[in-house]
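Hi,

Here is the structure I said I would pass on. Have a look at it first, and then read on for what I found in it.

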Amino acid sequence: MKEAFIKIKSKIGKAIRKSYDLPLWKWLIVCFILSVIEVVFLEILGRRSLLSPFVFIIHNPIVFLYNILIIYFTLSISLLFKRRGFAMGLISLLWLGVGIINFVLLGYRITPFSAIDFLMFSDVLSMFNIYFNLPQRIAIVASVIIFIIIIVLAFLKTPIIKGKVNYVQGSIVVLISFTVVYIMTFLALETSLISDKFTNLGTAYKSYGFVYCFSNSIIDQGISKPDDYSEETIDKILNTAEKTKDNVNKVEYSYKNNVKQLPDIIFIQLESFIDIGRVNGVHTSKESIPNFKKFQEEYPSGFLTVPAIGAGTANTEFEMLTGMKSKLFGAGEYPYKTVLTDTPCESIAQILLREGYGTHAIHNNKAKFYSRDESYASLGFQTFTSLEYMLHFNKTLTGWAKDDCLPEEIIKALDYDEEPDLVYTISVQGHGRYPKSELKSIEHVKVTLDSGDPELTNQFGYFVNQCYEMDQMIGELKETLDNRDRDYVLVLYGDHIPSLTFEEGQFNKGTETQTEYVIVSSFNTGLGDKDLYSYEVSDYLLRALGFKPGLIQNTHRAYFNGDAVAGNATFNWCLHELQYDMLYGDRYSYKYTEPYERTNMRLGLYDIELTDISYNTSTGSIVARGNNFTTFSKIIINDTRQPTTYVDENTIMIIPDEIEEPPKEGDVFSVAQIDKDKHELSRSNSFTYHE
């Protein structure tokens, strides 16, 4: 057996060494054959099917060839290296790697893998334990290690071509292959064989192939500069839009101490929240969202068309806040992770801030998820309370914070001062992964499926019962708001459908891009039932409440005819021009309004305060006292983090087993909020220790 293995190894080695003597044209054939194999295999992984890729090939042979040429171009780069075989193998392995990542991700979400996911890497690591069990985590780590070992061994063992590399020939091949891809891209776009505007990322990957769509997501970032972009164009759009700014409802608000009593405005974006009654083949023992259904009967409501399916919470949130269309950005891009980290943007928070509102954001997940700790300042929020700043919360058995902590945080934000408040809240309880092996939830509602599939039944059962608990939360919140002596508007909506397996045509009401919304209020807003797009809501609500909208909202009123699909070429053109101008261009728009600025946003509603440090000589512990501590509070001594035990919101300590030496005269103490990924979010005042 050993001898046979040695013979096989020897033959392979000879074949590889012999291949280095091949003329260039034979290398090109090898590149092409390898490209075909790679594209087919990537489609098998991306479609999670052995047969579907061949249906795609038969129905779209030119698009299939186009995907081959993209891979061929990348493989041709290997001709510029002396370790030609290694370079070609490495490029092939990298393509295979992203294909495998896509295959794995599609097992947990509907949205395929795209370049923006690289920016989400830290977020993915933080959810590693939630999405993968221990054997899976071990397998993933082992696979990465094996992958690295293979690359290192291949580099060391792969022979070098004899003589000098013919860089002229290689460069010509690379240039020609790039030119062919470029020309074919232009022709395919012009003839609509492919598109660079992905209405639905999952559908695009199936229609145009994994290689093209993933490549496009790398290149296509931000908003492209419109061909006719100029100051005159922006003036033309906004001069017409400005005529709608006074077209708002005349709302008579009461006065108290000569101050107009404007209503508090609360948004709650409910994670993956939908009415399961819309789904054929799924049955529940009782109504799973009774409060939401009751609100729909009593208050303005309808379907909400969102830009995401099964994932992409932040883009629904972005459209709701700004009135902008996320589809104008790059394929799969999250503006929260790119331009909004440092560029101020018009939003409902910015507009209401100028109306005297306090602006607060709340999310019972980590602050850095989707870079909210940075992007919210660009959107005009004064405070952001993330999980790290919450005192009371419970978790689901899958590891997500439950939403029953949100009413307390919302009321705290509303009571923060006397001014009216905008409180924008993002829930997380309904987040996947949905467990297959067992229910892992209190069974408030029994769920059965026509299919009888036990794994899918567990998944739907878990999801429905999370929705039930989320619904109980909004019922509790409304009751609390009703008992306060203030008018309010409460906007409730789902961010996208859950990341579950739905068959084509399984929704009996609405579509897979629609969730539901309801606008609850303590007074008559004058609104009626209406289906909306998520980017319509800010204009719809601001005008109903008597506020003059922003430039984007005025553009909606002037150019949008209510149908995002048909007859809105002018509207889409206007938004393209304005979004580019405000976020990337010369900001000509700000002739029509005062420029927006990033706020000096505070993490947490109240500062973390350190008031005293004491050393207990009898127990050997260091005790820190102050205000607003949470389980994420860590003691810092001279800029070094210390293992910290949480006692209560006024007390944290370092236990004796964790103390290397007693504190010394002049040691500088502070308390920092540290997330579970070891990022420091904020730090308290400093306190100098005196014995």
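One term before anything else: I call two residues in contact when they have heavy atoms within 4.5 Å of each other. With that in mind, the buried residues of helix α13 are covered by, among others, α21 (551-559) and α22. Helix α13 itself spans residues 231-241, and its buried residues are Thr233, Ile234, Asp235, Ile237, Leu238 and Ala241. Keep the helical repeat in mind as you look at that list: an α-helix has 3.6 residues a turn, so residues three or four places apart point the same way.

Please remember that this is a predicted model.

Now the overall picture. The protein chain has 22 helices and 22 strands. Its radius of gyration is 29 Å, close to the 26 Å that the globule rule gives for 691 residues, so the chain is as compact as a globular protein of that length. Along the principal axes, the C-alpha atoms fill a box of roughly 90 × 75 × 55 Å. Of the 691 residues, 54% count as buried. If you take the contacts with a separation of 6 or more, 74% of them are between residues 24 or more positions apart. The accessible surface is about 31,500 Å², and carbon and sulfur atoms account for 57% of that. As for charges, there are 64 positive and 84 negative ones, and their mean positions lie 12 Å apart.

On to the inside. In soluble globular proteins, nonpolar side chains tend to be buried together. Here the largest nonpolar core has 89 residues, and the ones that touch the most other members are Ile265, Phe267, Tyr336, Tyr376 and Phe381. Helix α22 (residues 569-583) gives this core its largest share, 7 residues. Apart from this core lies another one, of 53 residues, including Ala401, Val447, Leu449 and Phe507.

Beyond its neighbours within four places in sequence, Tyr336 is in contact with residues including Phe318, Leu321, Tyr370, Arg372, Tyr376 and Leu379. Asn315 has a relative accessible area of 10%, which is under the 20% cut-off, so it counts as buried. Leaving out residues up to four places away in sequence, Asn315 touches Pro307, Ser326, Glu333, Tyr334 and Pro335.

Further along, Met653 is in strand β19 (residues 651-654). Its contacts, again without residues up to four places away in sequence, include Ser621, Ile622, Val623, Ile635 and Pro643.

Most residues other than glycine have a negative phi, and most peptide bonds are trans. Against that background:

- Gly432 and Arg433 are joined by a cis peptide bond, with omega about 15°; Arg433 is in the loop between β8 (421-426) and β9 (447-449).
- Arg587 is not a glycine but has a positive phi of about 60°. Arg587 is in the loop between α22 and β13 (602-603), and at 33% relative accessibility it counts as partly exposed.
- Asp639, also not a glycine, has a positive phi of about 70°. Asp639 is in the loop between β16 (633-637) and β17 (640-641), and at 63% relative accessibility it counts as exposed.

Cheers

Conventions: Residues are numbered from 1 along each chain as its sequence is written. This is a predicted model: local features need pLDDT of at least 70, side-chain atom pairs count only at pLDDT 80 or more; totals for chains, interfaces and linings use all residues. Side-chain values use heavy atoms; hydrogens and water are left out. Helices (H or I, at least four residues) and strands (E, at least two) are DSSP runs, numbered from the N terminus. The radius of gyration is taken over C-alpha atoms; the globule rule is 2.2 Å times the number of residues to the power 0.38. Buried means under 20% relative accessible area, exposed over 50%, partly exposed in between (1.4 Å probe, protein chains only). Accessible areas come from the Shrake-Rupley method with a 1.4 Å probe; for residues, only the protein chains shown count as cover. Lys and Arg count as positive and Asp and Glu as negative; His and the chain ends are not counted. The place of a charge is taken as NZ of Lys, CZ of Arg, CG of Asp or CD of Glu. A nonpolar core is a set of buried Ala, Val, Leu, Ile, Met, Phe, Trp, Tyr and Cys residues joined through side-chain atoms within 4.5 Å.
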